[in-house]
Amino acid sequence: MVSPVITGYYRYTDIFFEWHQALPEADRSPLRASLAQDAFIHPDHPLHKEGIDGAELFLGTLQNFETRLLFSSAQVEYLRYWLHAMGLTKNLISLPYSDCLLTESSLRHVSPVTFKTKDDLKGALKQIEKNNKRLKGADPMLKTRREIFERVRTLWVEKVGVWCALDFEAWDRDHTMLTEFGWSFVRWIDGQQVEEQGHLIVKEYRHYTNTFVQNNREHFSFGDSELVNRSAFRTRIQNLVADLQKDGPLFLIFHDNNQDIKYLKSPTVNADLPNLSFLLPDAKPDSGVFVLDTSDLFAALEGEGGHNRRSLERVCRHLQIPTSFLHNAGNDAHYTLLAIKEMASGDPLDMQREKRWPNRTGNTSHPAAPQTGAGVKVKFEPWEEDSDYSDMEGVGPVINKTKPEEQVAA
C-alpha cells in the first residue's frame, strides 16, 4: 500500500538553522551553501522561479495569528534532489523530521512573498519577530482584519473574477432618493487588466441640492456622466450586477459597505444578489459574490482594531492616491478601486506597512522598552492626518476643521 504524500510548509528558521545539523558531516556544507542568503536570492539558484524578480518564499499565519516565513515542502524536496543530481551529496539527504512540517490544518493562511536582496530577507525576518511580539493580546477584530487582508492579496494575485467598486449618492434630506450611482471594475483577459468605469445621474433628482454633503454630481473625472430616469437607473444597475457575475466570482468593493448594500437591496434598485457573502473563501472560488470593504482593509494595514473607520479621502491620502471632487459617486467608486488595488497588489501586510511608514509602530516613544503587546498601530503625524494642518495649529482658539465630507457619511 502506497502512503499518501503529505505536503505543507517548513519554517524558514528550521530549514536555515536546523536542517543541516541533522545530516552527516559530508552533506552539511553543500546544504548550508545552497541556503546562504546571498546564494538564495541569486537568479541562478535552483529554487529561482521563472518570471519572479527575486527569491520566493511564503508568509504563513498560524492558528494563533502569529506569522512565520516559510519554505514550501515542494521547495525542500526539489533542493535535496538538486543537490544529489549535481553530485554535491552522495545520497539524497534526509527530509527534516515530520514534526517540523506545517500542514494546511496548522495554518490560517499562506501567501507568497518575494525578496530581491539579502537585506530584504534579513529585514523581513527581524520585522516578523517584532510584529509577533507586538501583536500579543491584540484585539480579535484586528486579527480578523489582518487575515482578510492577506486573503484579498492572494486572490488579487490569482487574477480571478471581476473586482468592482460601487458607490451611491443620496439626497441628504431623504436617503430613499438615490441621486447617483458610480462603478469602476477590473477583470483579466488573457492575463491583462481590463478596466471600465461609469456614472449615472437620476434625471428627476438632478436639481436636488444637498445641505450637509458636497454637491459634485456634475464633476465626474473619469468619463462622461449619463443622465437617466429612475426606471432606467434601476435597470442599468440590475443589468450591470447580473453581467459581472457571468465571468466567475464577483468581488463587490465598497468603502464602509453598510449603506451602499442597503441601497443595492432597496426597492429603488432591487439588485439580484442571492449568493452575497461577507466571508472570503479559503481557496480560489469559481463563482459567488463576495463583499470587500476598503475601510476594513486599511484598518488592518494601519493596525486599527477598534470601530474607527477612515473616510475615503483619508485612506487615499495615506496611500498617496490624489483625489478630487469626492462625493461624486463615479469618482468615489474609482478611488475605492484604486485604494484596493494599491493594497492588494503590494507586499504582505506587515512588510507593506513598514515600507509605507517605517518605524512608526510599537512603543515608538521608548524604542528600547519591551515591545510585547505594544501593538502595530501606525502613529501618524498631524499633518498626515489633515491636509489643512498648519504650523500654527495649537496657537489661539481651537477651530473645528472637520471637512464637510467627514461630517456626514455618503
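Colleague: How many Å should the 15 residues of helix α7 span, and how far apart are its end C-alpha atoms?

Modeller: Keep in mind that this is a predicted model. At 1.5 Å a residue, helix α7 (residues 230-244) should span 21 Å, and its end C-alpha atoms sit 22 Å apart, which agrees.

Colleague: Okay, and which residues in α7 are buried?

Modeller: Start with the general idea: an α-helix has 3.6 residues a turn, so residues three or four places apart point the same way. Here, the buried ones in α7 are Phe233, Ile237, Leu240, Val241 and Leu244. Look down the axis of α7 and its buried residues fall within an arc of 90°, so they line one face of the helix.

Colleague: What do the buried residues of α7 pack against?

Modeller: Quite a list! They pack against strands β5 (162-171), β6 (174-189), β7 (192-202), β8 (226-228) and β9 (250-254), plus helix α8 (258-265).

Colleague: Now, packed helices. At what angle do α6 and α11 pack?

Modeller: In general, you describe two packed helices by the angle between their axes and the distance between the axes. For α6 and α11 (residues 329-344), the angle is about 90° and the axes are 9 Å apart. The two are therefore roughly perpendicular to each other. On the α6 side you'll find Phe149, Val152, Arg153 and Trp156, which meet Ile340, Lys341, Met343 and Ala344 of α11. Sorted by type, that contact has six nonpolar residues, no polar ones and two charged.

Colleague: And how far apart are the axes of α6 and α12?

Modeller: For α6 (residues 140-157) and α12 (residues 349-356), they're 10 Å apart, with an angle of about 95°. That makes α6 roughly perpendicular to α12. The residues in this contact are two nonpolar, one polar and five charged.

Methods
Residues numbered from 1 in each chain as written. Predicted model: local features only at pLDDT ≥ 70, side-chain atom pairs only at ≥ 80, totals over all residues. Heavy atoms only, no water. Axes fitted to C-alpha atoms, helices over the stretch in contact; angles between N-to-C directions. Helix = DSSP H or I, 4+ residues; strand = E, 2+ residues; numbered from the N terminus. Parallel < 35°, antiparallel > 145°, perpendicular 65-115°, else oblique. Nonpolar A, V, L, I, M, F, W, Y, C, P; charged D, E, K, R; others polar. Expected span 1.5 Å × (residues − 1). Buried < 20%, exposed > 50% of the residue type's maximum accessible area, 1.4 Å probe, protein only. Arc of directions from axis to C-beta. Contact = heavy atoms within 4.5 Å.
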